[in-house]
Amino acid sequence: MSQLVYSSKINKIRSFALILIFSGIVLMYVGLLFKKTEWVMLIFFILGIIAIVLSTVVYLWIGMLSTRAVPIICPSCEKPTKMLGRVDACMHCKQPLTLDKALEGKEFDEKYNTRKYQKELKEKQNNKSK
Ligand SMILES: [Zn+2]
């Protein structure tokens, strides 16, 4: 059986933003190599600027997400971490966590965060109460 490692969503987005910044710098650096052909240099510079602007947007987005994230103490490593959505992983030890008692003990699955799943769950509950 293959063991899947889940990383915390905030960490995932953060590393994505970091990759964007680096690729922006690399693109601009490549642009400098084309000093002689101005339009090529310009294209690389514009792409680099777009990547850096995008990463700034992603960082702002992380900031907004962080304020909505639920701070908790990880039961596994006892460090403070933040949770996004109904299921997430600990930032430090990658321990899958859930806020939903109904999902406790179930296998960690990203699908629990999707709208479709929550809709299905609601429909199921409605059918039961009928
Ligand atoms: Zn932990």
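This report walks through the fold of one protein model, from its overall outline to its details.

The model is predicted: local features need pLDDT of at least 70, side-chain atom pairs count only at pLDDT 80 or more, and totals for chains, interfaces and linings use all residues. Residues are numbered from 1 along each chain as its sequence is written.

**Overall outline**

The protein has three helices and four strands. Helices (H or I, at least four residues) and strands (E, at least two) are DSSP runs, numbered from the N terminus. Their order along the sequence is α-α-β-β-β-β-α.

The radius of gyration, taken over C-alpha atoms, is 21 Å. A compact globule of 130 residues would come near 14 Å, by the rule of 2.2 Å times the number of residues to the power 0.38. The C-alpha atoms fill a box of roughly 70 × 40 × 35 Å along the principal axes. Buried residues make up 11% of the 130 residues; buried means that 20 or more other C-beta atoms, placed from the backbone, lie within 10 Å of the residue's own.

**Two annotated spans**

An unreviewed UniProt entry places the feature "transmembrane region" at residues 16-34 and 40-62. Such annotations may be inferred rather than shown by experiment.

**A hairpin**

Strands β1 (residues 70-73) and β2 (residues 80-83) pair antiparallel over four bridges. Pairing requires at least two DSSP bridges between two strands. Ile72 stands opposite Thr81 in β2. Six residues lie between the strands of this hairpin, where Glu78 takes a positive phi near 60°.

Technical notes: Buried ≥ 20, exposed ≤ 12 C-beta atoms within 10 Å, placed from the backbone.
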